[in-house]
Amino acid sequence: MTRPPLTASLQPLLAAARGPAAAVAAVRGAERAVLCRGPVGEGTRFETGSLTKTFTALLLAEMAARGEVRYADRADRYLPFRLPGPPLTLLHLATHTSGLPRLPPGLLTRAVRSGWLSNPYAGFSEDDLLASLRRTRLRHRPGSRVLYSNFGGGLLGHVLARAAGGTGGDYPALLAERVTGPLGLADTDCDPDLPQATGHWHGRTRPALLMPGLTAAGAVRSSARDLLRVLAALLDPDTAPDPVLRTALAEVQRPRLSVPRTGSRLCLIWNLRPRPGGALLHHSGGTRGFTAFAGFLPASGTGLVALTNTAPTPLAPFIQSAYGALRGLDAARSGTEWTARV
């Protein structure tokens, strides 16, 4: 049976996006495709939300490959103060096992003042991040449990920027120097002032996201074209321009722990689901105006990106559709049957 062209396989996913605009892209072996709907193109910047953390993980792996940091380093080695209690390491931050809560203490109070429905992170600065960290009580001993944390993701980027000799605010420049620049990602950055798609929440337009204190957790903007390039590099790290980045691309995919009662594993930020034909790695993200998904299967050389300019809705149907579309592409490549149960 002849498998459908990549573009035909992506059309249902594009149609499933509920926002005014959407962009989907996929790689399957030597095939590449980018499809867009609405007033956007393959180079249009979308807010990616928590997909940002996958870039932060790649920056961590790059710096570790250079020998500038170690995964076992205490986070407070690069902070202006010591954290009490058991060591909280860079690996803990990159695997959501730090014990830090999902959001920093005090953020919600500031969010109400700065606009919870429009820009909830705008009033939370780097100084606020460090002040919150000083008074945070860990929810569990680092390394003992998985607890998803935007706080931890933002802190990881802050720490890496300090480890490179700068301040937490240097994260965007460091990411550009070490990751997005070498990979040739012309549309990917953390700048809220550059042109981007207009986000929507319940049909209303949203201002560009501001995340001064948690930049490394959710402030990256990117395009379908750039994210497809990232997936292609993850699928074939040897195509990266230098040995350090090749090592980093492979390192972020290495399983670090198993998630109890799920069968899933955690790599550096990426979620990994074992499958008979090979592992599926994925991550998603959402802001007040955008939804994003990226996933790939190294064994089959298949990857998919899905972006839309509307906020996630309950049960995240667009993300579920994207995950299902990725599995469908993999099944079509291998010639196996697949039933859409996500």
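Q: How many helices and strands are there in the protein?
A: In this predicted model, the protein contains 11 helices and 12 strands.

Q: What does the radius of gyration say about how compact the protein is?
A: The value is read against what the globule rule gives for a chain of that length. Here the radius of gyration is 19 Å, close to the 20 Å given by the rule for 342 residues, so the protein is as compact as a globular protein of that length. Along the principal axes, its C-alpha atoms fill a box of roughly 60 × 40 × 40 Å.

Q: Which percentage of contacts joins residues at least 24 apart?
A: Taking contacts in the protein between residues at least 6 apart in sequence, 65% join residues at least 24 apart.

Q: How far apart are the mean positions of the positive and negative charges?
A: For the 39 positive and 23 negative charges of the protein, the mean positions are 10 Å apart.

Q: Is Ser98 buried or exposed, and where is it found?
A: Ser98 is found in the loop between α3 (90-94) and α4 (107-114), and because its relative accessible area is 1%, Ser98 is buried.

Q: Which residues does Ser98 touch, and what does its side chain reach?
A: Not counting residues up to four places away in sequence, Ser98 touches Leu88, His92, Leu93, Leu138, His140 and Pro142, while its side chain reaches the backbone nitrogen of Leu100 at 3.1 Å.

Methods. Residues are numbered from 1 along each chain as its sequence is written. This is a predicted model: local features need pLDDT of at least 70, side-chain atom pairs count only at pLDDT 80 or more; totals for chains, interfaces and linings use all residues. Side-chain values use heavy atoms; hydrogens and water are left out. Helices (H or I, at least four residues) and strands (E, at least two) are DSSP runs, numbered from the N terminus. The radius of gyration is taken over C-alpha atoms; the globule rule is 2.2 Å times the number of residues to the power 0.38. Contact means heavy atoms within 4.5 Å. Lys and Arg count as positive and Asp and Glu as negative; His and the chain ends are not counted. The place of a charge is taken as NZ of Lys, CZ of Arg, CG of Asp or CD of Glu. Buried means under 20% relative accessible area, exposed over 50%, partly exposed in between (1.4 Å probe, protein chains only). A polar contact is a pair of N or O atoms within 3.5 Å; within protein, one must be able to donate a hydrogen and the other to accept it, and residues adjacent in sequence count only if both atoms are side-chain atoms.
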